[in-house]
Amino acid sequence: MAVVAELPRIGIQPIADIAWGTHLCMFFQTTEDLLETLTPYFKAGLEDNESCIWVVSGRLTKERAITALRQAMPDLDRYLAKGSLEIIADREWYLQGGRLDLRRVIRGWLQRLKQAEARGYAGLRVSGTFAWRTKTELKNFLEYEAAVNDAIRNRRMIALCGYELASSGAGNLLEVARSHHFALARRNGGWQAVTWRDLTGLPGRYATLTPRERQVLHLVTEGRRNSEIAGRLSISARTVEVHRANLMRKLGVRNQTELVRYALQREPSLQEQGLR
(Lines give C-alpha, C1' and ligand atoms only; values in the text may rest on other atoms or scores of the structure.)
Protein backbone atom coordinates (compact mmCIF):
# COMPACT_ATOMS: atom_id res chain seq x y z
CA MET A 1 0.00 0.00 0.00
CA ALA A 2 1.26 3.48 -0.85
CA VAL A 3 2.45 5.64 2.00
CA VAL A 4 0.32 8.78 2.31
CA ALA A 5 2.52 11.80 3.04
CA GLU A 6 1.11 14.32 5.52
CA LEU A 7 2.53 17.08 3.32
CA PRO A 8 2.75 16.56 -0.44
CA ARG A 9 6.12 16.28 -2.15
CA ILE A 10 6.22 18.94 -4.84
CA GLY A 11 8.93 17.18 -6.83
CA ILE A 12 10.33 20.46 -8.20
CA GLN A 13 13.59 22.13 -7.30
CA PRO A 14 14.15 24.59 -5.65
CA ILE A 15 10.85 24.21 -3.73
CA ALA A 16 10.85 21.80 -0.81
CA ASP A 17 7.76 19.94 0.40
CA ILE A 18 4.75 22.28 0.57
CA ALA A 19 1.45 22.49 2.40
CA TRP A 20 -1.85 21.33 0.98
CA GLY A 21 -3.78 24.24 -0.48
CA THR A 22 -0.74 25.74 -2.24
CA HIS A 23 -1.23 27.41 -5.62
CA LEU A 24 1.87 27.83 -7.82
CA CYS A 25 2.67 29.16 -11.26
CA MET A 26 5.60 28.76 -13.62
CA PHE A 27 6.80 30.77 -16.60
CA PHE A 28 8.20 28.70 -19.45
CA GLN A 29 9.66 29.42 -22.86
CA THR A 30 9.50 26.01 -24.50
CA THR A 31 7.44 22.87 -24.20
CA GLU A 32 10.60 21.15 -22.97
CA ASP A 33 10.77 23.63 -20.06
CA LEU A 34 7.18 22.80 -19.19
CA LEU A 35 7.77 19.06 -19.30
CA GLU A 36 10.95 19.39 -17.27
CA THR A 37 8.87 20.77 -14.41
CA LEU A 38 5.59 18.92 -14.75
CA THR A 39 7.04 15.45 -15.21
CA PRO A 40 8.61 15.26 -11.71
CA TYR A 41 5.62 17.16 -10.31
CA PHE A 42 3.16 14.50 -11.42
CA LYS A 43 5.58 11.65 -10.74
CA ALA A 44 5.77 12.69 -7.09
CA GLY A 45 1.98 12.93 -6.86
CA LEU A 46 1.30 9.55 -8.43
CA GLU A 47 3.90 7.82 -6.27
CA ASP A 48 2.37 9.38 -3.14
CA ASN A 49 -1.13 8.09 -3.90
CA GLU A 50 -2.60 11.36 -5.16
CA SER A 51 -5.21 11.72 -7.87
CA CYS A 52 -3.71 13.83 -10.69
CA ILE A 53 -5.28 15.95 -13.43
CA TRP A 54 -3.11 17.45 -16.18
CA VAL A 55 -4.78 20.05 -18.43
CA VAL A 56 -2.69 20.45 -21.60
CA SER A 57 -2.71 23.06 -24.35
CA GLY A 58 -0.86 24.31 -27.42
CA ARG A 59 2.11 22.21 -28.47
CA LEU A 60 1.86 20.09 -25.35
CA THR A 61 -0.50 17.31 -26.41
CA LYS A 62 -1.83 14.42 -24.39
CA GLU A 63 0.43 12.01 -26.28
CA ARG A 64 3.52 14.10 -25.62
CA ALA A 65 2.69 14.41 -21.93
CA ILE A 66 2.26 10.64 -21.57
CA THR A 67 5.50 9.96 -23.44
CA ALA A 68 7.48 12.27 -21.14
CA LEU A 69 5.92 10.86 -18.01
CA ARG A 70 6.43 7.27 -19.14
CA GLN A 71 10.15 7.93 -19.57
CA ALA A 72 10.31 8.95 -15.92
CA MET A 73 7.88 6.26 -14.76
CA PRO A 74 8.21 2.91 -16.56
CA ASP A 75 5.21 1.67 -14.55
CA LEU A 76 2.97 4.56 -15.68
CA ASP A 77 0.44 2.21 -17.29
CA ARG A 78 -0.42 0.88 -13.85
CA TYR A 79 -1.47 4.35 -12.72
CA LEU A 80 -3.35 5.03 -15.96
CA ALA A 81 -5.26 1.78 -15.62
CA LYS A 82 -6.22 2.68 -12.08
CA GLY A 83 -7.43 6.10 -13.18
CA SER A 84 -4.93 7.97 -11.01
CA LEU A 85 -4.00 10.33 -13.88
CA GLU A 86 -6.35 12.16 -16.22
CA ILE A 87 -5.10 14.34 -19.09
CA ILE A 88 -7.60 16.84 -20.53
CA ALA A 89 -7.44 19.46 -23.30
CA ASP A 90 -7.58 23.06 -22.07
CA ARG A 91 -10.61 24.08 -24.14
CA GLU A 92 -12.52 21.05 -22.88
CA TRP A 93 -11.86 21.89 -19.23
CA TYR A 94 -11.79 25.69 -19.12
CA LEU A 95 -14.00 26.86 -21.97
CA GLN A 96 -17.09 24.70 -22.12
CA GLY A 97 -19.65 26.73 -24.03
CA GLY A 98 -16.92 28.98 -25.43
CA ARG A 99 -16.23 31.09 -22.32
CA LEU A 100 -14.52 30.76 -18.98
CA ASP A 101 -17.12 30.18 -16.27
CA LEU A 102 -15.21 30.79 -13.04
CA ARG A 103 -17.71 29.07 -10.77
CA ARG A 104 -18.14 26.05 -13.03
CA VAL A 105 -14.41 25.38 -13.31
CA ILE A 106 -13.75 25.74 -9.59
CA ARG A 107 -16.77 23.58 -8.83
CA GLY A 108 -15.28 20.99 -11.17
CA TRP A 109 -11.98 20.96 -9.28
CA LEU A 110 -13.71 20.57 -5.93
CA GLN A 111 -15.93 17.79 -7.25
CA ARG A 112 -12.83 15.95 -8.49
CA LEU A 113 -11.23 16.41 -5.07
CA LYS A 114 -14.29 14.96 -3.37
CA GLN A 115 -14.22 11.98 -5.72
CA ALA A 116 -10.50 11.46 -5.12
CA GLU A 117 -10.91 11.45 -1.36
CA ALA A 118 -13.83 9.02 -1.64
CA ARG A 119 -11.59 6.65 -3.62
CA GLY A 120 -8.92 6.74 -0.91
CA TYR A 121 -6.42 9.11 -2.52
CA ALA A 122 -4.30 11.36 -0.33
CA GLY A 123 -5.45 14.45 -2.22
CA LEU A 124 -5.73 16.07 -5.64
CA ARG A 125 -2.79 17.40 -7.68
CA VAL A 126 -3.57 19.46 -10.78
CA SER A 127 -1.81 21.51 -13.42
CA GLY A 128 -3.14 23.55 -16.29
CA THR A 129 -1.83 25.71 -19.11
CA PHE A 130 -3.82 27.67 -21.62
CA ALA A 131 -2.91 28.87 -25.13
CA TRP A 132 -3.78 32.57 -24.79
CA ARG A 133 -5.05 34.32 -27.90
CA THR A 134 -6.36 37.61 -26.51
CA LYS A 135 -5.72 39.94 -23.58
CA THR A 136 -9.34 39.44 -22.53
CA GLU A 137 -8.81 35.70 -22.15
CA LEU A 138 -5.77 36.32 -19.99
CA LYS A 139 -7.58 38.90 -17.84
CA ASN A 140 -10.49 36.53 -17.25
CA PHE A 141 -8.12 33.73 -16.36
CA LEU A 142 -6.29 35.91 -13.83
CA GLU A 143 -9.59 36.44 -12.05
CA TYR A 144 -10.09 32.69 -12.08
CA GLU A 145 -6.60 32.21 -10.61
CA ALA A 146 -7.48 34.58 -7.78
CA ALA A 147 -10.57 32.52 -7.02
CA VAL A 148 -8.56 29.29 -6.97
CA ASN A 149 -6.47 30.56 -4.04
CA ASP A 150 -9.54 30.77 -1.85
CA ALA A 151 -11.22 27.63 -3.19
CA ILE A 152 -8.33 25.29 -2.34
CA ARG A 153 -7.42 26.90 0.96
CA ASN A 154 -7.33 24.28 3.74
CA ARG A 155 -8.10 21.50 1.26
CA ARG A 156 -5.95 18.54 0.25
CA MET A 157 -5.22 19.95 -3.17
CA ILE A 158 -2.28 21.65 -4.89
CA ALA A 159 -2.31 23.42 -8.24
CA LEU A 160 0.47 24.44 -10.63
CA CYS A 161 -0.35 26.76 -13.55
CA GLY A 162 1.90 27.19 -16.58
CA TYR A 163 2.25 30.48 -18.47
CA GLU A 164 4.15 30.70 -21.74
CA LEU A 165 6.33 33.80 -21.73
CA ALA A 166 5.78 34.54 -25.42
CA SER A 167 1.99 34.67 -25.10
CA SER A 168 1.71 36.17 -21.62
CA GLY A 169 3.62 39.36 -22.38
CA ALA A 170 6.10 41.09 -20.09
CA GLY A 171 3.48 43.51 -18.76
CA ASN A 172 1.35 40.68 -17.41
CA LEU A 173 4.05 38.65 -15.67
CA LEU A 174 3.88 40.49 -12.36
CA GLU A 175 0.09 40.27 -12.29
CA VAL A 176 0.27 36.52 -12.92
CA ALA A 177 2.91 35.96 -10.24
CA ARG A 178 1.01 37.92 -7.61
CA SER A 179 -2.08 35.77 -8.08
CA HIS A 180 -0.18 32.69 -6.82
CA HIS A 181 1.57 31.67 -3.62
CA PHE A 182 4.77 30.75 -5.48
CA ALA A 183 6.10 31.71 -8.90
CA LEU A 184 8.76 29.67 -10.72
CA ALA A 185 10.99 30.95 -13.50
CA ARG A 186 14.18 29.75 -15.16
CA ARG A 187 17.31 31.78 -14.46
CA ASN A 188 20.97 30.96 -15.12
CA GLY A 189 20.04 27.48 -16.30
CA GLY A 190 17.99 26.55 -13.23
CA TRP A 191 14.56 27.13 -11.75
CA GLN A 192 14.09 29.78 -9.06
CA ALA A 193 11.04 30.57 -6.95
CA VAL A 194 9.60 33.66 -5.28
CA THR A 195 6.69 33.99 -2.86
CA TRP A 196 3.98 36.66 -2.75
CA ARG A 197 1.86 38.17 -0.03
CA ASP A 198 -1.47 36.75 1.12
CA LEU A 199 -4.33 39.28 1.06
CA THR A 200 -5.90 37.83 4.22
CA GLY A 201 -3.50 40.12 6.12
CA LEU A 202 -5.14 43.31 4.87
CA PRO A 203 -6.86 45.45 7.53
CA GLY A 204 -10.62 45.14 7.86
CA ARG A 205 -11.64 47.87 5.44
CA TYR A 206 -14.98 46.36 4.46
CA ALA A 207 -16.82 48.71 6.83
CA THR A 208 -15.72 51.72 4.75
CA LEU A 209 -17.64 50.52 1.68
CA THR A 210 -20.99 51.99 0.67
CA PRO A 211 -24.00 49.66 0.27
CA ARG A 212 -23.67 49.92 -3.53
CA GLU A 213 -19.95 49.12 -3.40
CA ARG A 214 -20.71 46.05 -1.31
CA GLN A 215 -23.23 44.92 -3.92
CA VAL A 216 -20.60 45.27 -6.63
CA LEU A 217 -18.05 43.40 -4.51
CA HIS A 218 -20.52 40.55 -3.97
CA LEU A 219 -21.13 40.27 -7.72
CA VAL A 220 -17.39 40.36 -8.37
CA THR A 221 -17.15 37.33 -6.08
CA GLU A 222 -19.60 35.54 -8.35
CA GLY A 223 -17.33 36.20 -11.32
CA ARG A 224 -19.70 38.67 -12.99
CA ARG A 225 -18.46 40.93 -15.77
CA ASN A 226 -19.01 44.68 -15.70
CA SER A 227 -21.86 44.42 -18.21
CA GLU A 228 -23.57 41.73 -16.11
CA ILE A 229 -23.17 43.74 -12.90
CA ALA A 230 -24.57 46.81 -14.66
CA GLY A 231 -27.65 44.86 -15.75
CA ARG A 232 -28.19 43.40 -12.29
CA LEU A 233 -27.97 46.78 -10.54
CA SER A 234 -29.62 48.86 -13.31
CA ILE A 235 -26.60 51.13 -13.66
CA SER A 236 -24.18 51.79 -16.53
CA ALA A 237 -21.06 49.73 -17.17
CA ARG A 238 -19.06 52.94 -16.72
CA THR A 239 -20.52 53.35 -13.22
CA VAL A 240 -19.50 49.79 -12.42
CA GLU A 241 -15.94 50.65 -13.47
CA VAL A 242 -15.99 53.62 -11.10
CA HIS A 243 -17.21 51.43 -8.24
CA ARG A 244 -14.46 48.87 -8.97
CA ALA A 245 -11.86 51.66 -8.87
CA ASN A 246 -13.24 52.93 -5.55
CA LEU A 247 -13.22 49.40 -4.16
CA MET A 248 -9.56 48.96 -5.07
CA ARG A 249 -8.65 52.29 -3.47
CA LYS A 250 -10.60 51.71 -0.26
CA LEU A 251 -9.52 48.09 0.18
CA GLY A 252 -5.87 48.77 -0.58
CA VAL A 253 -5.61 46.32 -3.48
CA ARG A 254 -3.51 47.06 -6.54
CA ASN A 255 -5.39 45.48 -9.43
CA GLN A 256 -8.53 43.61 -10.47
CA THR A 257 -6.97 40.25 -9.63
CA GLU A 258 -6.31 41.25 -6.01
CA LEU A 259 -9.83 42.69 -5.82
CA VAL A 260 -11.26 39.28 -6.71
CA ARG A 261 -8.96 37.59 -4.20
CA TYR A 262 -10.07 40.00 -1.47
CA ALA A 263 -13.72 39.47 -2.38
CA LEU A 264 -13.42 35.70 -2.13
CA GLN A 265 -11.53 35.88 1.16
CA ARG A 266 -14.06 38.34 2.62
CA GLU A 267 -17.31 37.02 1.17
CA PRO A 268 -18.65 33.48 1.78
CA SER A 269 -20.99 33.59 -1.23
CA LEU A 270 -19.17 31.08 -3.46
CA GLN A 271 -18.94 28.52 -0.70
CA GLU A 272 -22.57 29.01 0.28
CA GLN A 273 -23.71 28.46 -3.31
CA GLY A 274 -22.47 24.91 -3.62
CA LEU A 275 -18.68 25.08 -3.97
CA ARG A 276 -17.96 23.34 -0.68
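**Close-up views of a predicted model**

**View 1. N154, an exposed loop residue.** At a relative accessibility of 75%, N154 counts as exposed. The model shown here and in the other views is predicted. N154 is found in the loop between α6 and β5. Its phi is positive, about 60 degrees, although N154 is not a glycine. Most residues other than glycine have a negative phi.

**View 2. S234, the residue after helix α10.** S234 follows α10 and has a positive phi, near 60 degrees. S234 is not a glycine either. The loop that holds S234 runs between α10 and α11 (237–251). Is S234 buried or exposed? With 68% relative accessibility, S234 counts as exposed, because the cut-off for exposed is over 50%.

View 3. Helix α10 spans residues 226–233. Which residues of α10 are buried? They are N226, I229, A230 and L233. These four cover an arc of only 100 degrees around the axis, so they sit on the same side of α10. The face turned away from that buried side carries S227 and G231, which are exposed.

**View 4. T39 in helix α1.** T39 has its place in helix α1, residues 31–47. T39 has a relative accessible area of 10% and is therefore buried, the cut-off being under 20%. A polar atom of the T39 side chain lies 2.8 Å from the backbone oxygen of L35. Leaving aside residues up to four places away in sequence, T39 touches A68, L69 and A72.

**View 5. L69 in helix α2.** L69 belongs to helix α2, residues 62–72. L69 is buried, with a relative accessible area of 0%. Which residues does L69 touch, not counting those up to four places away in sequence? The list is T39, F42, K43, L46, W54, L76 and L85. L69 and E36 are 33 residues apart in sequence. Their C-alpha atoms are 9.9 Å apart in space.

**View 6. T37, another residue of helix α1.** T37 lies in α1. The relative accessible area of T37 is 1%, so T37 is buried. T37 touches I12, M26, L160 and W191, with residues up to four places away in sequence not counted.

**View 7. The largest nonpolar core.** This core has 33 residues. Y94, I106, W109, Y144 and Y163 have the most contacts inside it. Which elements each supply at least two residues of this core? Among the strands are β1 (23–28), β2 (51–56), β4 (124–129) and β5 (157–164). The helices are α4 (90–94), α5 (102–118), α6 (135–151) and α8 (170–178). The largest share, seven residues, comes from α6.

**View 8. Cysteines without a disulfide.** How many disulfides does a search of the whole structure find? The search finds zero. C25 is in no disulfide. The nearest cysteine sulfur to that of C25 belongs to C161, 7.3 Å away. A disulfide needs sulfur atoms within 2.5 Å. C25 has 0% relative accessibility and counts as buried. C52 also counts as buried, at 1% relative accessibility.

**View 9. The whole protein, for orientation.** The protein has 13 helices and seven strands. Of its 276 residues, 51% count as buried. The protein exposes about 12700 Å². Carbon and sulfur atoms supply 50% of that area. Among contacts with a separation of 6 or more, 74% join residues 24 or more positions apart.

Key:
Residues numbered from 1 in each chain as written. Predicted model: local features only at pLDDT ≥ 70, side-chain atom pairs only at ≥ 80, totals over all residues. Heavy atoms only, no water. Buried < 20%, exposed > 50% of the residue type's maximum accessible area, 1.4 Å probe, protein only. Polar contact = N/O pair within 3.5 Å; in protein donor to acceptor, adjacent residues only side chain to side chain. Contact = heavy atoms within 4.5 Å. Areas by Shrake-Rupley, 256 points an atom, 1.4 Å probe, with all protein chains shown as cover. Core = buried A, V, L, I, M, F, W, Y, C linked by side-chain atoms within 4.5 Å. Arc of directions from axis to C-beta.
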